Amino acid sequence: MKQVPLNHADSYATFREYLEGLRTRFADREALVSYTPKGQRQSLTFHQLHQKVQALSEMFRVALPDGHAAIVSENSPEWFILYLALIISGHTAVCIDTEQSDEVIASMIAQADCTSVFLSPSYTSAITLIRQNHPGVQRIITLGEEGADSLPALLQSGLQLVRSHHGQWSFPDHDGSFTASIVYTSGTTSLSKPVMLSEIGILTNAADSMRLVTVGDTVFTSLPFYHTYGLTCSVINMLLHGSTVGINGSLKTMMRDLKAFAPQTMMAVPLIVEMMHQNIWRALRKQGKEEAVRKYITMFRLGRKVGLTLQPKFIQTIREAFGGNLSTIICGGAHLAETIGMEMEAFGFCVIQGYGITECSPLLAVNRNHDRRVNTVGHVLPSYELKLRDGEIVVRGVSLMQGYYKNEVLTAQAFDDGWFMTGDLGSLDKNGHLTITGRKKNLIVFKNGKKVSPEEIESYLSTIPLIREVMAYGVGSSSNADDVRLAVMIYPDPEQTASMTSYEILERLQSEINRINQQLPSYKQIQMIKLRETEFEKTATKKIKRSSVL
């Protein structure tokens with residue numbers, strides 16, 4: 001077993017301590033960078049971040065009603081500043097999934113008993129519904145607009161308060177058990193659940209992430225802050241490193257901002273890595289280099305087996321498309337196909353996969369820079385205990401959720417003798433690498449008792465260039481529901497299939513699937529193919545919402 005020492009990481013129990021520590025250590029270094037819709041670069045130093053958070057938290061203590069406060073906004077520095085200021089001032093921050101409809105956003109705010117709501121101009125259409133659904137909301141404040149009920153106005157008043165206190169905090173800190181935020185689960189198979197996370201739980205998780213993974217001085221993220229992966233791993237943890245975080249607020253400008261920021265490290269979900277992978281191969285085909293690069297990848301794989309790493313000159317040309325400095329991609333939120341991970345490694349990127357879920361703040365395991373395997377999610381975090389019960393991953397540790405908000409029954413069902421039941425299936429190898437094999441609820445059960453994980457079948461098909469997205473599932477026959485057949489629903493790549501008829505697409509897919517079936521035992525062989533004309537509905541971390549399809 002390879003022994004790689006843990007990195008040093010400062011531990012904090014509260015976000016106020018965290019903020020003070022960052023200012024002391026990094027002061028005038030850039031903390032956050034963002035780009036306007038027109039591409040203009042904006043930045044905040046660690047000192048300026050501290051100054052704005054302190055000013056807002058001072059103002060929130062006197063201007064906001066007691067209770068929870070919802071954040072309804074796209075990614076921005078203001079989102080993160082607001083989040084810290086709310087928690088430090090004693091308000092639980094409720095992170096709202098902005099990809100939902102106005103109706104769902106309003107219902108989430110009502111469910112979490114929010115007394116204040118902060119909205120960016122993009123989501124003011126939800127104001128009427130919020131007032132109708134939850135009369136308990138006493139203040140609605142806009143981000144980025146002028147007026148008494150705007151964040152800029154509160155910030156200016158807060159700066160005056162700080163000056164009157166001679167730059168000192170005017171109120172005592174609370175302990176780390178405070179419920180810092182309520183975050184909604186992704187909800188791939190059921191309705192989203194409101195998860196309560198503590199300050200010390202989130203900050204311990206961020207520090208543990210730093211102990212296992214080394215990142216560059218510049219880190220780019222487009223992951224939504226309303227999800228724990230996008231917030232804890234992509235921002236809170238990265239600032240602990242002293243890294244400058246480049247924030248993207250719109251997928252429409254992601255590639256533009258990525259290239260302009262030119263980061264050393266990028267935070268991603270598999271969908272983003274797959275898009276990058278497709279773009280690389282598309283460029284290679286246009287240049288007539290596809291065959292030569294495939295031969296190189298074969299040599300790269302052989303070299304890896306004997307400890308040799310090839311670095312041909314064309315790799316830097318690939319990097320230029322992503323700013324020129326990108327060397328590390330941290331990927332989580334869903335499964336990344338091993339083939340794609342290996343090919344991205346061959347293209348010169350260190351791909352670090354991790355695994356987490358909202359209820360765990362979120363990270364549970366992650367690969368190390370110098371001890372990684374692209375087909376696993378790495379090592380369990382130091383503060384977590386993890387074991388397998390009948391193949392299911394169960395965990396316990398300080399970063400576990402405090403429960404589902406106002407739902408003691410659901411909370412009790414999630415635990416067994418203090419251990420949280422993740423619902424994920426996995427295995428551990430002799431070197432401590434964790435592999436996720438599927439989701440317990442998703443298992444396809446055949447009448448002979450055999451079970452198949454749809455994620456496994458999907459991983460085989462994800463290597464077929466003609467396929468953009470795929471979902472495996474079981475189909476019962478009309479005469480006997482227990483007689484289940486393995487089926488796949490496929491969204492073909494629109495560029496690859498632009499000149500093809502549906503019949504031609506099915507014919508090509510059937511040929512590829514027949515080839516895969518020959519390598520699988522009979523019960524794992526795909527028996528039905530169904531095409532769809534649109535992308536699948538997805539969660540915040542870009543996992544397919546199976547419940548909305550079947």
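Q: In this predicted model, which residues of helix 13 are buried?
A: Helix 13 spans residues 338-346, and seven of its nine residues are buried, so the helix is largely enclosed by the rest of the structure. The buried residues are Ile 340, Gly 341, Met 342, Glu 343, Met 344, Glu 345 and Ala 346.

Q: Which elements do the buried residues of helix 13 pack against?
A: Both helices and strands take part in this packing. The helices are helix 10 (270-286), helix 11 (290-305) and helix 12 (314-320). The strands are strand 12 (328-331) and strand 13 (350-356).

Q: In what order do the nine strands of the open sheet lie?
A: The pairing in this sheet is mixed. Strand 2 (41-45) and strand 15 (379-380) are the edge strands, since each pairs on one side only. The order is 2-1-10-9-11-12-13-14-15.

Q: At what angle does helix 9 run to strand 9?
A: Helix 9 (residues 254-261) lies across strand 1 (30-35), strand 2, strand 9 (218-221), strand 10 (244-247) and strand 11 (265-268). Angles are taken between N-to-C directions on a scale from 0 to 180 degrees. For helix 9 and strand 9 the angle is about 175°.

Q: How many disulfides does the model contain?
A: A disulfide needs two cysteine sulfur atoms within 2.5 Å. For Cys 95, the nearest cysteine sulfur is that of Cys 114, 10 Å away, and Cys 95 is in no disulfide. The count is zero.

Q: What is the relative accessible area of Cys 114?
A: The nearest cysteine sulfur to that of Cys 114 belongs to Cys 95, a residue that counts as buried at 1% relative accessibility. Cys 114 is also buried, and its relative accessible area is 0%.

Q: How far apart are the closest N and O atoms of Arg 439 and Asp 424?
A: The two residues form a salt bridge, one that links distant parts of the chain: Arg 439 is in strand 21 (residues 434-439) and Asp 424 in strand 20 (residues 419-428), 15 residues apart. Arg 439 is partly exposed at 21% relative accessible area, whereas Asp 424 is buried at 9%. Their closest N and O atoms are 3.0 Å apart.

Q: Why are Glu 512 and Arg 515 separated by about one helical turn?
A: An α-helix has 3.6 residues a turn, so residues three or four places apart point the same way. Glu 512 and Arg 515 form a salt bridge, with the closest N and O atoms 2.8 Å apart. Glu 512 is partly exposed at 25%, and Arg 515 is partly exposed at 40%. The separation is about one turn because the residues are three apart in helix 16 (residues 502-517).

Q: Is Lys 545 buried or partly exposed?
A: Lys 545 forms a salt bridge with Glu 537, the closest N and O atoms being 3.6 Å apart. Glu 537 counts as partly exposed at 43% relative accessibility. At 12%, Lys 545 falls under the 20% limit, so Lys 545 is buried.

Q: How many salt bridges does the model contain?
A: Some salt bridges share partners, and these join Arg 285, Glu 290 and Arg 294 into one network. The salt bridges number 25.

How values were computed: Residues are numbered from 1 along each chain as its sequence is written. This is a predicted model: local features need pLDDT of at least 70, side-chain atom pairs count only at pLDDT 80 or more; totals for chains, interfaces and linings use all residues. Side-chain values use heavy atoms; hydrogens and water are left out. Buried means under 20% relative accessible area, exposed over 50%, partly exposed in between (1.4 Å probe, protein chains only). Helices (H or I, at least four residues) and strands (E, at least two) are DSSP runs, numbered from the N terminus. Contact means heavy atoms within 4.5 Å. A salt bridge is a side-chain nitrogen of Lys or Arg within 4 Å of a carboxyl oxygen of Asp or Glu. Two strands pair if DSSP finds at least two bridges between them.
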